[in-house]
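Student: I'd like to learn how to read helix packing and backbone details in a model. Could we go through one together?
Tutor: Gladly; here it is.

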Amino acid sequence: MIDILSQKATIGFYFHIPFCPHICPYCDFIKTSKFTKKDIIEYFNELKIQLKFFIDNIPEYHNKHITVYFGGGTPGLFEASYYKELFDILNSFFYIEEATLETNPLTNLERRFEDYLNVGFNRITLGAQSLCSNALKILGRKHTPENILNNIKWAKNAGFKNIQVDLIYGLKNGVRTISVKDEIESLYEAGSSGISAYALTIEKRTLFAKTDFANDDIAVQEYYEILSKCKSIGFQQHETSNFSSLDTKHNNIYWYGMPYIGIGTGSHGLLPSTKEYPYGIRYKIGEESEASYAPGNDKLIFSDKNERMKNFSIHYETPRSKQDYISEMIFTLLRTPNGIPLDWLKLYSGNNDILNILLNNSKINRAIHEGKILFSERSISLSPEEKIRGDSWVADFISLI
């Protein structure tokens, strides 16, 4: 395990809230816009049952620090009272270092932000995606740029200091009518503490599956603009897609290979390591058949007692091997500023000569001389500009270890 010096939490809890006011055409997450109030109540009741189950199975983490993240779907659809009992359970076993709520600019209410803060949230993410009206229309978003800026003001006035805004870049030429740099400047001036920038990816299980709205060349160009702008306003790059003036503690759990407990339909988790399974076991909640559903609404059943357990069944994967662990860590660590710690690499590769192997590789050696790969006494990493091509480097590194 790699230490994260900036935080105390070494495990995270992720709660998936799959309810949405409408279906966005690019979204590949498990979600539904077809639900009743009874569905919502039964779903939150089931979350409490699952939470208690997993808490009972990780006694070694009791009375320690954790991070909490409610994602979706649209968790901000609901009043803070829906989350209070979950926070009460968590607070009776752990110290919450960071608690994040994903929200939608269209459905947020000004009065709720103070309630969210009081119930225990200290970080807000805002699913803005763009401040360009035309881009919002193409992306199927129903809110306006004004909604976004008002939401930031509301969250700030309520007392939130950590306000992260999601942006999508890499749309084909002619869609965006204002530059991504101008978008970031406006968000910064409004009070956002950071952005999460994601290149538009066309997924098979979405309504965008047969469209050509994404453009790789524009994605690279806009990514460089994002790097430049974020640096100029003091947003540090914590990971390929994450820029913020504050730390992102729950995200660190994923990036640095810590265990996390996924709760709720469509969530994934990584159980802590044990003597029997030293590299942990991954799992998902919900039937495998969900992935084959047609784009749009997923066929989720929450309130029918005979059917709803399909949505809450736990499916464990094969325990991770050492090679699985190394491969996954290389993938995530190359996305971080410090990259792969050399001491960790020597330890888990079992090869004291691994550095020479990497440095003598012609492709890696050339990339070091070109400044694309950064090498120091402590780590080997990708330059900020090269991180957008990070996935292509993963296979090269893994093949040499």
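This is a predicted model: local features need pLDDT of at least 70, side-chain atom pairs count only at pLDDT 80 or more; totals for chains, interfaces and linings use all residues.

Student: Where is C230 placed, and which residues does C230 touch?

Tutor: C230 belongs to helix 7. Helices here are DSSP runs of H or I with at least four residues, strands are runs of E with at least two, and both are numbered from the N terminus. Contact means heavy atoms within 4.5 Å. Not counting residues up to four places away in sequence, C230 touches I184, I195, F235 and F243. For a view along the chain, take M258, 28 residues apart from C230: their C-alpha atoms are separated by 27 Å.

Student: Which other residues of helix 7 are buried, and what covers them?

Tutor: An α-helix has 3.6 residues a turn, so residues three or four places apart point the same way. In helix 7 the buried residues are I218, A219, E222, Y223, I226, L227, K229, C230 and I233. Their cover includes helix 6 along with strand 5 (162-169), strand 6 (194-199), strand 7 (236-239) and strand 8 (242-244).

Student: What span should helix 7 have?

Tutor: The expected span is 1.5 Å times one less than the number of residues. Helix 7 (residues 216-233) has 18 residues and should therefore span 26 Å, which agrees with its end C-alpha atoms being 26 Å apart.

Student: How do I describe two helices that pack together?

Tutor: Two packed helices are described by the angle between their axes and the distance between the axes. The axes are lines fitted to C-alpha atoms, for helices over the stretch in contact, and angles run from 0 to 180 degrees between N-to-C directions. Angles under 35 degrees count as roughly parallel, over 145 as roughly antiparallel, 65 to 115 as roughly perpendicular and the rest as oblique. Helix 6 and helix 7 have axes 9 Å apart and pack at an angle of about 30°. That makes helix 6 roughly parallel to helix 7.

Student: Which residues make the contact of helix 6 with helix 7?

Tutor: From helix 6 come V180, K181, I184, E185 and Y188, and from helix 7 come E222, E225, I226, S228, K229, C230 and I233. By class, this contact has 6 nonpolar, 1 polar and 5 charged residues. The classes are simple: Ala, Val, Leu, Ile, Met, Phe, Trp, Tyr, Cys and Pro count as nonpolar, Asp, Glu, Lys and Arg as charged, and the others, Gly among them, as polar.

Student: At what angle do helix 3 and helix 5 pack?

Tutor: Helix 3 (residues 110-119) packs with helix 5 at an angle of about 40°, their axes being 8 Å apart. These two helices are therefore oblique to each other. E110, F113, E114 and L117 in helix 3 meet N151, W154, A155 and A158 in helix 5. That contact has 5 nonpolar, 1 polar and 2 charged residues.

Student: Which residues have a positive phi without being glycine?

Tutor: N63 is one of them, with phi near 65°, and Q129 is another, with phi of about 75°. N63 sits in the loop between helix 1 (37-56) and strand 2 and is exposed, with a relative accessible area of 56%. Q129 lies in strand 4 (residues 123-129) and is buried, at 9%.

Student: Where is there a cis peptide bond?

Tutor: Look at G72 and G73, which such a bond joins, with omega about 10°. G73 is in the loop between strand 2 (65-72) and helix 2 (81-91). T74 lies in that loop too, and T74 is buried, with a relative accessible area of 6%. Leaving aside neighbours within four places in sequence, the contacts of T74 are I17, F19, C20, P21, N104 and T107.

Methods. Residues are numbered from 1 along each chain as its sequence is written. Side-chain values use heavy atoms; hydrogens and water are left out. Buried means under 20% relative accessible area, exposed over 50%, partly exposed in between (1.4 Å probe, protein chains only).
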